[in-house]
Amino acid sequence: MTPTRQASVRLTQFAHGGGCACKIPPGELEEVVSGLGAPLTGGDTSLLVGLATGDDAAVVTLSGQDLALVATADFFTPVVDDPYDWGRIAAANALSDVYAMGGRPVLAVNLLAWPRDRLPFELAREVLRGGLDIATEAGCHVGGGHSVDDPEPKYGMAVTGVADPARLLRNDTGRAGLPLSLTKPLGLGVLNNRHKATGERFEQAVATMTALNRDASAAALAAGATCATDVTGFGLLGHLHKLARASGVTAVLDTAAVPYLDGAREAVRDGYVSGGTRRNLEWVAPFTDFGGTDADTRLLLADAQTSGGLLVAGEVPGAPVVGELVPRGAHSIVLR
(Lines give C-alpha, C1' and ligand atoms only; values in the text may rest on other atoms or scores of the structure.)
Protein backbone atom coordinates (compact mmCIF):
# COMPACT_ATOMS: atom_id res chain seq x y z
CA MET A 1 0.00 0.00 0.00
CA THR A 2 1.29 3.47 -0.83
CA PRO A 3 1.87 5.55 2.33
CA THR A 4 -0.62 8.37 2.86
CA ARG A 5 0.77 11.82 2.04
CA GLN A 6 1.32 14.01 5.11
CA ALA A 7 -0.71 16.92 3.75
CA SER A 8 -3.88 14.84 3.61
CA VAL A 9 -3.43 12.76 6.75
CA ARG A 10 -5.90 12.96 9.61
CA LEU A 11 -4.28 10.82 12.27
CA THR A 12 -7.45 10.53 14.36
CA GLN A 13 -9.07 8.60 11.50
CA PHE A 14 -6.55 5.79 12.01
CA ALA A 15 -7.70 5.16 15.58
CA HIS A 16 -10.78 3.42 16.97
CA GLY A 17 -10.69 5.75 19.99
CA GLY A 18 -8.92 8.93 20.91
CA GLY A 19 -6.44 9.70 23.69
CA CYS A 20 -7.31 8.52 27.17
CA ALA A 21 -10.88 7.81 26.04
CA CYS A 22 -9.52 4.53 24.62
CA LYS A 23 -8.61 3.24 28.08
CA ILE A 24 -10.02 -0.10 29.19
CA PRO A 25 -13.14 0.71 31.29
CA PRO A 26 -12.21 1.13 34.97
CA GLY A 27 -14.51 -1.58 36.27
CA GLU A 28 -13.15 -4.15 33.83
CA LEU A 29 -9.56 -3.09 34.52
CA GLU A 30 -9.92 -3.43 38.29
CA GLU A 31 -11.29 -6.94 37.87
CA VAL A 32 -8.39 -7.96 35.61
CA VAL A 33 -5.61 -6.69 37.91
CA SER A 34 -7.23 -7.81 41.16
CA GLY A 35 -4.77 -9.89 43.16
CA LEU A 36 -1.80 -9.16 40.90
CA GLY A 37 -0.10 -6.71 43.26
CA ALA A 38 1.38 -9.12 45.81
CA PRO A 39 4.52 -7.72 47.51
CA LEU A 40 7.90 -9.41 47.40
CA THR A 41 8.55 -12.11 49.97
CA GLY A 42 11.08 -11.77 52.76
CA GLY A 43 9.53 -8.75 54.44
CA ASP A 44 10.51 -6.25 51.72
CA THR A 45 8.71 -2.97 52.41
CA SER A 46 10.35 -0.79 49.77
CA LEU A 47 7.23 -0.60 47.57
CA LEU A 48 5.39 2.46 48.90
CA VAL A 49 2.67 2.67 46.24
CA GLY A 50 1.57 -0.25 44.09
CA LEU A 51 -1.68 -1.61 42.68
CA ALA A 52 -3.71 -1.56 45.88
CA THR A 53 -5.28 1.89 45.58
CA GLY A 54 -5.10 2.36 41.81
CA ASP A 55 -2.82 5.38 42.15
CA ASP A 56 -1.18 7.22 39.27
CA ALA A 57 2.28 5.62 39.43
CA ALA A 58 4.31 3.06 41.36
CA VAL A 59 6.72 4.31 44.02
CA VAL A 60 9.62 2.40 45.57
CA THR A 61 12.25 3.55 48.05
CA LEU A 62 15.95 3.01 47.40
CA SER A 63 17.74 1.09 50.11
CA GLY A 64 19.57 3.33 52.57
CA GLN A 65 18.51 6.56 50.84
CA ASP A 66 15.90 9.21 51.50
CA LEU A 67 14.87 8.96 47.87
CA ALA A 68 12.01 7.25 46.09
CA LEU A 69 11.72 6.20 42.46
CA VAL A 70 8.44 6.91 40.69
CA ALA A 71 7.64 4.73 37.66
CA THR A 72 4.81 4.98 35.15
CA ALA A 73 3.92 4.30 31.53
CA ASP A 74 1.20 5.89 29.40
CA PHE A 75 0.42 5.72 25.70
CA PHE A 76 -2.64 6.09 23.50
CA THR A 77 -4.03 6.48 20.01
CA PRO A 78 -4.05 9.90 18.25
CA VAL A 79 -6.14 12.50 20.02
CA VAL A 80 -5.48 15.23 17.44
CA ASP A 81 -4.57 15.15 13.76
CA ASP A 82 -1.34 17.15 14.02
CA PRO A 83 1.51 14.68 14.72
CA TYR A 84 3.70 17.17 16.58
CA ASP A 85 0.84 18.18 18.86
CA TRP A 86 -0.07 14.54 19.47
CA GLY A 87 3.52 13.89 20.58
CA ARG A 88 3.47 16.87 22.92
CA ILE A 89 0.12 15.86 24.41
CA ALA A 90 1.11 12.24 24.93
CA ALA A 91 4.37 13.22 26.62
CA ALA A 92 2.71 15.75 28.92
CA ASN A 93 0.14 13.13 29.83
CA ALA A 94 2.79 10.53 30.69
CA LEU A 95 4.86 12.98 32.72
CA SER A 96 1.71 13.99 34.60
CA ASP A 97 1.62 10.70 36.50
CA VAL A 98 4.96 11.56 38.11
CA TYR A 99 3.78 15.05 39.01
CA ALA A 100 0.57 13.58 40.43
CA MET A 101 2.71 11.65 42.93
CA GLY A 102 4.68 14.75 43.92
CA GLY A 103 7.72 13.63 41.95
CA ARG A 104 10.11 15.06 39.39
CA PRO A 105 10.58 13.18 36.08
CA VAL A 106 14.20 12.46 35.22
CA LEU A 107 14.19 9.86 32.41
CA ALA A 108 11.68 8.82 29.76
CA VAL A 109 11.74 6.27 26.96
CA ASN A 110 9.42 6.41 23.96
CA LEU A 111 6.71 3.84 23.27
CA LEU A 112 5.71 3.89 19.61
CA ALA A 113 3.38 1.71 17.57
CA TRP A 114 3.24 2.61 13.87
CA PRO A 115 1.43 1.26 10.78
CA ARG A 116 4.51 1.47 8.58
CA ASP A 117 2.71 0.40 5.40
CA ARG A 118 -0.02 3.04 5.83
CA LEU A 119 1.61 6.14 7.33
CA PRO A 120 4.93 7.72 6.33
CA PHE A 121 7.69 7.73 8.90
CA GLU A 122 8.16 11.49 8.67
CA LEU A 123 4.90 11.70 10.65
CA ALA A 124 6.34 9.40 13.31
CA ARG A 125 9.38 11.66 13.51
CA GLU A 126 7.11 14.64 14.18
CA VAL A 127 5.35 12.70 16.94
CA LEU A 128 8.69 11.86 18.56
CA ARG A 129 9.89 15.46 18.14
CA GLY A 130 6.81 16.69 19.98
CA GLY A 131 7.42 14.27 22.82
CA LEU A 132 11.07 15.29 23.06
CA ASP A 133 10.22 19.00 23.19
CA ILE A 134 7.81 18.51 26.11
CA ALA A 135 10.26 16.27 27.97
CA THR A 136 12.97 18.90 27.44
CA GLU A 137 10.65 21.56 28.84
CA ALA A 138 10.17 19.32 31.89
CA GLY A 139 13.94 18.84 32.32
CA CYS A 140 13.52 15.13 31.65
CA HIS A 141 15.98 13.11 29.54
CA VAL A 142 14.66 10.95 26.70
CA GLY A 143 16.86 7.90 26.30
CA GLY A 144 15.49 6.02 23.31
CA GLY A 145 12.54 3.66 23.55
CA HIS A 146 10.76 0.82 21.79
CA SER A 147 8.73 0.61 18.59
CA VAL A 148 6.52 -2.00 16.92
CA ASP A 149 4.74 -2.30 13.59
CA ASP A 150 1.05 -1.99 14.47
CA PRO A 151 -2.13 -1.47 12.40
CA GLU A 152 -3.09 1.42 14.70
CA PRO A 153 -0.74 4.29 15.65
CA LYS A 154 -0.03 4.68 19.35
CA TYR A 155 2.48 6.81 21.22
CA GLY A 156 3.48 7.56 24.76
CA MET A 157 6.31 7.22 27.25
CA ALA A 158 7.53 5.17 30.15
CA VAL A 159 8.79 7.67 32.71
CA THR A 160 10.98 7.34 35.78
CA GLY A 161 11.02 10.10 38.34
CA VAL A 162 12.30 10.81 41.83
CA ALA A 163 10.48 12.02 44.92
CA ASP A 164 10.94 12.57 48.63
CA PRO A 165 9.26 9.52 50.20
CA ALA A 166 8.14 11.69 53.11
CA ARG A 167 6.43 14.21 50.81
CA LEU A 168 4.44 12.15 48.33
CA LEU A 169 1.07 13.00 46.86
CA ARG A 170 -1.12 9.88 47.08
CA ASN A 171 -4.77 9.11 46.45
CA ASP A 172 -5.29 7.38 49.81
CA THR A 173 -4.31 10.19 52.20
CA GLY A 174 -7.36 12.45 51.91
CA ARG A 175 -9.16 13.32 55.12
CA ALA A 176 -12.47 14.89 56.03
CA GLY A 177 -12.41 18.67 56.16
CA LEU A 178 -10.04 19.22 53.25
CA PRO A 179 -11.14 21.28 50.23
CA LEU A 180 -10.77 19.92 46.69
CA SER A 181 -8.93 21.95 44.04
CA LEU A 182 -8.87 21.29 40.29
CA THR A 183 -6.00 22.75 38.30
CA LYS A 184 -7.29 22.42 34.70
CA PRO A 185 -10.77 22.86 33.22
CA LEU A 186 -12.81 19.91 31.97
CA GLY A 187 -14.12 19.29 28.46
CA LEU A 188 -11.05 17.90 26.72
CA GLY A 189 -12.77 14.65 25.82
CA VAL A 190 -15.79 16.12 24.08
CA LEU A 191 -13.70 18.71 22.22
CA ASN A 192 -11.29 16.02 21.05
CA ASN A 193 -14.23 13.88 19.95
CA ARG A 194 -15.61 16.81 17.97
CA HIS A 195 -12.19 17.36 16.41
CA LYS A 196 -12.05 13.71 15.35
CA ALA A 197 -15.53 13.85 13.82
CA THR A 198 -15.31 17.23 12.08
CA GLY A 199 -11.66 18.24 11.77
CA GLU A 200 -12.30 21.44 13.75
CA ARG A 201 -9.21 22.48 15.72
CA PHE A 202 -9.60 23.68 19.30
CA GLU A 203 -6.54 25.66 20.32
CA GLN A 204 -7.76 25.97 23.91
CA ALA A 205 -7.83 22.19 24.21
CA VAL A 206 -4.34 21.74 22.72
CA ALA A 207 -2.92 24.42 25.03
CA THR A 208 -4.50 22.75 28.06
CA MET A 209 -3.31 19.25 27.14
CA THR A 210 0.28 20.34 26.44
CA ALA A 211 0.58 22.31 29.69
CA LEU A 212 2.74 20.47 32.23
CA ASN A 213 1.35 19.76 35.70
CA ARG A 214 4.79 20.59 37.13
CA ASP A 215 3.87 23.92 38.70
CA ALA A 216 0.57 22.61 40.07
CA SER A 217 2.39 19.70 41.72
CA ALA A 218 5.00 22.00 43.24
CA ALA A 219 2.30 24.36 44.49
CA ALA A 220 0.37 21.48 46.07
CA LEU A 221 3.47 20.26 47.89
CA ALA A 222 4.34 23.80 49.01
CA ALA A 223 0.82 24.15 50.43
CA GLY A 224 1.32 20.99 52.49
CA ALA A 225 -0.95 18.72 50.44
CA THR A 226 -0.43 14.97 50.72
CA CYS A 227 -3.36 13.74 48.59
CA ALA A 228 -3.81 14.20 44.85
CA THR A 229 -4.46 12.45 41.57
CA ASP A 230 -4.53 13.56 37.97
CA VAL A 231 -7.75 13.65 35.96
CA THR A 232 -7.41 11.61 32.80
CA GLY A 233 -9.33 8.81 31.10
CA PHE A 234 -11.73 7.95 33.94
CA GLY A 235 -13.03 11.54 34.10
CA LEU A 236 -13.30 13.77 37.15
CA LEU A 237 -15.96 11.53 38.70
CA GLY A 238 -13.97 8.35 38.13
CA HIS A 239 -10.74 9.67 39.61
CA LEU A 240 -12.62 11.38 42.45
CA HIS A 241 -14.36 8.09 43.28
CA LYS A 242 -11.01 6.29 43.42
CA LEU A 243 -9.54 8.99 45.68
CA ALA A 244 -12.55 9.01 48.03
CA ARG A 245 -12.69 5.21 48.16
CA ALA A 246 -8.96 4.86 48.86
CA SER A 247 -9.10 7.56 51.55
CA GLY A 248 -12.26 6.27 53.23
CA VAL A 249 -14.15 9.55 52.82
CA THR A 250 -16.98 11.05 50.78
CA ALA A 251 -16.30 13.79 48.24
CA VAL A 252 -18.89 16.55 47.96
CA LEU A 253 -18.60 18.26 44.58
CA ASP A 254 -19.88 21.78 43.95
CA THR A 255 -20.92 21.38 40.31
CA ALA A 256 -21.27 25.14 39.79
CA ALA A 257 -17.61 25.67 40.75
CA VAL A 258 -16.14 23.18 38.23
CA PRO A 259 -14.42 25.00 35.31
CA TYR A 260 -14.97 23.98 31.67
CA LEU A 261 -13.22 24.82 28.43
CA ASP A 262 -14.98 27.08 25.98
CA GLY A 263 -17.14 24.99 23.67
CA ALA A 264 -17.36 21.97 25.97
CA ARG A 265 -21.06 22.30 26.78
CA GLU A 266 -21.90 22.90 23.14
CA ALA A 267 -19.98 19.75 22.20
CA VAL A 268 -22.02 17.69 24.68
CA ARG A 269 -25.24 19.29 23.46
CA ASP A 270 -24.34 18.36 19.88
CA GLY A 271 -23.63 14.74 20.81
CA TYR A 272 -19.82 14.53 20.70
CA VAL A 273 -19.59 12.21 23.69
CA SER A 274 -17.20 9.25 23.59
CA GLY A 275 -18.07 5.73 24.59
CA GLY A 276 -15.36 5.96 27.25
CA THR A 277 -17.15 8.88 28.90
CA ARG A 278 -20.44 6.99 28.98
CA ARG A 279 -18.70 3.96 30.49
CA ASN A 280 -17.14 6.21 33.14
CA LEU A 281 -20.57 7.52 34.09
CA GLU A 282 -22.03 4.04 34.22
CA TRP A 283 -19.18 2.88 36.47
CA VAL A 284 -19.51 5.65 39.07
CA ALA A 285 -23.33 5.76 39.10
CA PRO A 286 -23.78 3.21 41.94
CA PHE A 287 -21.39 5.21 44.14
CA THR A 288 -22.74 8.69 43.38
CA ASP A 289 -25.60 10.78 44.68
CA PHE A 290 -26.32 12.91 41.60
CA GLY A 291 -28.98 15.05 43.26
CA GLY A 292 -30.62 17.27 40.66
CA THR A 293 -27.61 17.46 38.34
CA ASP A 294 -28.70 17.56 34.69
CA ALA A 295 -27.66 14.93 32.16
CA ASP A 296 -25.19 17.11 30.23
CA THR A 297 -23.35 18.13 33.40
CA ARG A 298 -23.09 14.50 34.48
CA LEU A 299 -21.48 13.65 31.14
CA LEU A 300 -19.03 16.54 31.43
CA LEU A 301 -18.05 15.48 34.95
CA ALA A 302 -17.39 11.96 33.61
CA ASP A 303 -15.74 13.23 30.41
CA ALA A 304 -12.65 11.17 29.56
CA GLN A 305 -9.83 13.70 29.79
CA THR A 306 -6.45 13.48 28.10
CA SER A 307 -3.60 15.19 29.96
CA GLY A 308 -6.00 16.82 32.39
CA GLY A 309 -5.15 18.68 35.55
CA LEU A 310 -4.47 17.66 39.13
CA LEU A 311 -7.25 17.06 41.63
CA VAL A 312 -5.77 18.03 44.99
CA ALA A 313 -7.10 17.58 48.51
CA GLY A 314 -6.12 21.04 49.66
CA GLU A 315 -6.03 24.58 48.32
CA VAL A 316 -3.71 25.29 45.40
CA PRO A 317 -3.07 28.97 44.61
CA GLY A 318 -4.78 29.96 41.37
CA ALA A 319 -6.91 26.82 41.15
CA PRO A 320 -10.65 26.83 41.88
CA VAL A 321 -11.96 24.96 44.91
CA VAL A 322 -14.59 22.59 43.53
CA GLY A 323 -15.69 20.73 46.65
CA GLU A 324 -14.60 19.16 49.91
CA LEU A 325 -13.98 15.86 51.62
CA VAL A 326 -16.36 14.89 54.42
CA PRO A 327 -16.72 11.82 56.66
CA ARG A 328 -17.68 8.68 54.74
CA GLY A 329 -21.39 8.43 54.01
CA ALA A 330 -23.63 6.25 51.87
CA HIS A 331 -21.90 7.35 48.66
CA SER A 332 -18.30 8.11 47.73
CA ILE A 333 -19.45 11.18 45.74
CA VAL A 334 -22.26 13.65 46.35
CA LEU A 335 -23.07 16.30 43.73
CA ARG A 336 -24.51 19.64 44.78
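What percentage of the 336 residues of the chain count as buried? In this predicted model, in which local features need pLDDT of at least 70, side-chain atom pairs count only at pLDDT 80 or more, and totals for chains, interfaces and linings use all residues, the value is 53%. Residues are numbered from 1 along each chain as its sequence is written, and side-chain values use heavy atoms, with hydrogens and water left out.

The chain comprises ten helices and 13 strands, which are DSSP runs numbered from the N terminus (helices: H or I, at least four residues; strands: E, at least two). Its radius of gyration is 19 Å, close to the 20 Å given by the globule rule for 336 residues, so the chain is as compact as a globular protein of that length. This radius is taken over C-alpha atoms, and the rule is 2.2 Å times the number of residues to the power 0.38. The C-alpha atoms fill a box of roughly 60 × 55 × 35 Å along the principal axes. Of the contacts (heavy atoms within 4.5 Å) with a separation of 6 or more, 85% are between residues 24 or more positions apart.

Seven strands form an open sheet with mixed pairing, in the order β8-β11-β7-β12-β9-β13-β10; pairing requires that DSSP find at least two bridges between two strands. At the edges stand β8 (228-230) and β10 (288-289), each of which pairs on one side only. The partner of β10 in a parallel pairing over two bridges is β13 (residues 333-335), where Ile333 stands opposite Thr288.

The largest nonpolar core contains 80 residues, of which Trp86, Trp114, Leu236, Leu237 and Leu253 touch the most other members. Such a core is a set of buried Ala, Val, Leu, Ile, Met, Phe, Trp, Tyr and Cys residues joined through side-chain atoms within 4.5 Å. Helix α2 (residues 83-100) gives the most to this core, with nine residues. Beyond its neighbours within four places in sequence, Trp86 is in contact with residues including Leu11, Phe76, Trp114, Val127 and Tyr155. Another core lies apart from the largest one and has eleven residues, among them Ala228, Leu310, Val316 and Ala319.

Glu266 belongs to helix α8 (residues 264-269) and is partly exposed, with a relative accessible area of 37%. Although Glu266 and Leu191 are 75 residues apart in sequence, their C-alpha atoms are 9.3 Å apart in space.

Methods. Buried < 20%, exposed > 50% of the residue type's maximum accessible area, 1.4 Å probe, protein only.
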